[in-house]
Amino acid sequence: LEQVGEALLANLAPDEFDRAHWRIFRELISYETADAKSPEQWSGLKERLAGFEDRPRAIYLATAPGLFGSIAQGFSENGLITERARIVLEKPVGHDAASAEAINDQVGRCFEENQIFRIDHYLGKETVQNLLALRFGNSLFEPIWGRGVVDHVQITVGEDLGVGDRVAFYNNTGALRDMVQNHMMQLVCLMAMEPPSSLDQDSIRDEKLKVLRALKPIGEREVKSHTVRGRYTAGAIAGKAVPGYGEELEADPGDVEDHGAETYVAIKLENDNWRWSGVPIYLRTGKRLKKKHSEIIVQFQEVPHSIFSDLAGALEPNRLSIRLQPDEGVELSFMAKEPGPGGFSLKPVALDLSFEEAFGIHYPDAYERLLVEVLRGNTALFMRRDEVEAAWQWVDGIIAGWEAGGQKTENYVAGTWGPTGASVLLDRDGHSWLPED
């Protein structure tokens with residue numbers, strides 16, 4: 001209980017922590033420790049939960065994925081799965097498509113699909129959910145959302161932190177499995193999906209699944225031209241020296257062998273369907289980048305003919321930026337005439353909406369929203385089994401291509417935007433990564 005109190009003090013603002021409320025709340029908390037794989041140790045938990053069968057029962061598994069099946073089986077064998085029970089699976093669900101399918105089978109033998117909540121905290125971010133409102137709540141965007149108007153899309157999920165104490169995990173996982181298979185695939189789905197018939201949980205997930213199934217495979221022939229793997233070396237973040245991934249791996253007390261995992265990945269993704277055919281979607285994610293920054297940028301095409309070619313000021317195409325962190329909001333850039341007499345010059349200006357400023361509130365943590373949805377039994381913001389497996393199948397093709405072609409990681413200095421190869425990936429198509437600062 002002391003750890004819970006300390007965690008609340010550390011993570012809540014001073015005006016959010018009420019000691020009187022905490023004293024009341026702590027009386028409602030009980031704690032039971034047990035080895036989930038030892039059948040004889042479940043008796044204590046059974047006693048704790050006796051008499052509360054009518055209440056929502058959230059079973060949150062922040063464990064290694066290999067334990068998901070055995071824990072679910074333990075709840076089943078001990079009669080602890082009630083009608084209002086839900087089980088929450090932290091990512092990653094598996095290490096590849098085969099292991100994900102095995103885990104889904106194991107958990108699915110004990111729980112119904114509508115009781116299984118595969119959590120991805122990116123789906124709890126207000127800006128991610130506002131992407132649905134932006135697209136389907138405004139007549140302005142949907143008619144121009146796709147080929148013929150959109151030139152390309154960029155999705156960046158950048159972190160300035162290194163792998164830290166997760167170096168052993170990263171050594172066996174890498175950025176593609178850790179970030180692309182779940183977080184970034186979900187962003188691609190919400191950005192590219194067709195309008196669902198309603199906000200019904202399965203209507204949304206049906207449309208996301210269609211996106212995943214329409215992704216062009218990236219295999220051995222495509223990986224060199226469509227993907228870049230990177231690994232950070234020592235550098236500086238915000239003026240402070242930081243070690244490289246190799247140094248962190250060497251310092252790990254487990255003294256593990258270097259498996260060549262990437263800390264950065266960039267991908268040129270293509271969606272083989274009517275709306276997005278011919279429109280590249282570029283993804284990049286990495287550790288120890290210049291700053292913490294997550295954003296979806298929809299770059300529109302240039303005007304077909306400029307009547308301003310003889311005037312001062314370059315004509316820039318319109319751009320819609322959807323910021324996910326740290327300053328959640330939406331920005332739309334367009335060209336305008338600079339005020340003043342004696343000439344006609346153009347300048348790009350922006351309509352910039354900061355959600356915190358517009359609504360006057362500080363958004364809660366994404367996990368707060370998602371945990372409330374768990375208790376409500378609403379699965380709309382969680383991944384369905386077929387979504388997880390479809391994403392893994394696509395990612396598995398890239399991994400197999402890397403292995404078959406022997407594609408190595410390219411070094412990049414910590415505090416930059418990644419390896420040179422990532423810039424070349426876009427430069428081939430006449431584009432560059434945004435932001436450039």
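**A close look at the aromatic rings**

Tutor: Y232 and Y245 are both buried. Please keep in mind that this is a predicted model. The ring centres of Y232 and Y245 are 6.2 Å apart and their planes stand at 85°, so this pair counts as edge-to-face. Y232 belongs to strand β5 (residues 227-233) and Y245 to helix α10 (residues 245-251), so the pair ties together parts that are 13 residues apart in sequence. These two tyrosines also belong to a cluster: ring pairs link Y232, Y245, Y264 and Y412.

A pair of aromatic rings is described by two things, the distance of the centres and the angle of the planes. Searching the whole structure gives nine aromatic pairs. For W22 and F25, the centres are 6.2 Å apart and the planes meet at 50°, so the pair is tilted. Both residues sit in helix α2 (residues 19-26), and because they are three residues apart there, about one helical turn separates W22 from F25.

The charged end of R229 sits over the ring of W402, at 4.4 Å from the ring's centre. In another place, R284 lies over the face of W417, 4.8 Å from the ring centre.

Now for the backbone. Let's start with the cis peptide bonds. One of them joins K91 and P92, with omega about 0°, and P92 is in the loop between β2 (85-90) and α5 (97-108). Another cis peptide bond joins Q325 and P326, where omega is about 5°; P326 is placed in the loop between β11 (319-325) and β12 (329-337).

Next come positive phi values. A238 is not a glycine, yet its phi is positive, about 50°. This alanine is in the loop between β6 (235-237) and β7 (240-242), and A238 is exposed, with a relative accessible area of 82%. R288 is also a residue other than glycine with a positive phi, near 55°. R288 lies in the loop between β9 (281-286) and β10 (293-300). With a relative accessible area of 12%, R288 is buried, whereas A238 is exposed.

Note on methods. Residues numbered from 1 in each chain as written. Predicted model: local features only at pLDDT ≥ 70, side-chain atom pairs only at ≥ 80, totals over all residues. Heavy atoms only, no water. Phe/Tyr/Trp six-rings, centres within 6.5 Å; stacked < 30°, edge-to-face > 60°. Helix = DSSP H or I, 4+ residues; strand = E, 2+ residues; numbered from the N terminus. Buried < 20%, exposed > 50% of the residue type's maximum accessible area, 1.4 Å probe, protein only. Lys NZ or Arg CZ within 6 Å of the ring centre and 35° of its normal.
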